[in-house]
Amino acid sequence: MALRACGFIVFRRLLGSKPSPSNIEYLLLQTSYGEHHWTPPKGHVDPGEDDLATALRETKEEAGLGTEQLQVIDGFVQELRYEVRGRPKEVLYWLAELKDPVTAVTLSDEHQDYRWAPLEEACALAGYKDLQDTLRAAHRHLEAQ
C-alpha cells in the first residue's frame, strides 16, 4: 500500500502590485533532515483523517499557516506518485493563497529554512520534475483565473 501525504502549494501576491502571475511567489520549506530538499508544506494522512484536513493540519504544523491565513483556491488539486526508499508514495497538493502577504511563516523542527520564490526560482529549488510540473500547473491555473 502506498504512503499517502497531502499538502498545499501556498502562494502570495506581492503588496502594492497589480494582480498578475508575475507578482506571485510560492512558499517552499527546506527539510532539516536527509538531503535538505525544498518542498511545499505536506505530511502523512493520519488514520481516519480526510485528505484536505491533512493538508490543512500539516500546513499549520510545518509553516504556522492555518485556515485564518489561507484562502483555498477552487478547482486545483494535483496528485504526484513516486517512490521513497523503494516504497510507493502518493502526494496530493491543493492550492492556497496567503490572505495577507506579510504574514510570518513559523517553521517546525522538520524544517530549517523557508523561501518565498517566483515560479522559476521555486522550480529550481524544488529540483524534482514532478514537483516542478505541479508548481507550473498551479501557476497556469492562476493565470487562467
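**Notebook: aromatic pairs and the core**

I began with Tyr26, which counts as buried because its relative accessibility is 0% (buried is under 20% relative accessible area, exposed over 50%, partly exposed in between, with a 1.4 Å probe and protein chains only). I kept in mind that this is a predicted model, where local features need pLDDT of at least 70, side-chain atom pairs count only at pLDDT 80 or more, and totals for chains, interfaces and linings use all residues. Residues are numbered from 1 along each chain as its sequence is written, and side-chain values use heavy atoms, with hydrogens and water left out.

Next I looked for aromatic pairs and found two (rings of Phe, Tyr and Trp, the last by its six-membered ring, with centres within 6.5 Å; planes under 30 degrees apart are stacked, over 60 edge-to-face, the rest tilted). Phe8 and Trp94 are tilted, because their planes stand at 50 degrees, with ring centres 6.4 Å apart. This pair joins strand E1 (residues 3–13) to strand E6 (residues 87–98), 86 residues apart (strands are DSSP runs of E, at least two residues, and helices runs of H or I, at least four, numbered from the N terminus). Both Phe8 and Trp94 are buried.

Then I turned to Phe11 and Tyr26, whose centres are 6.5 Å apart and whose planes are at 50 degrees, so they too are tilted. Phe11 sits in E1 and Tyr26 in strand E2 (residues 24–31), 15 residues apart.

Last, I checked the largest nonpolar core, which has 24 residues (buried Ala, Val, Leu, Ile, Met, Phe, Trp, Tyr and Cys joined through side-chain atoms within 4.5 Å). Phe11 and Tyr26 are among the members that touch the most others.
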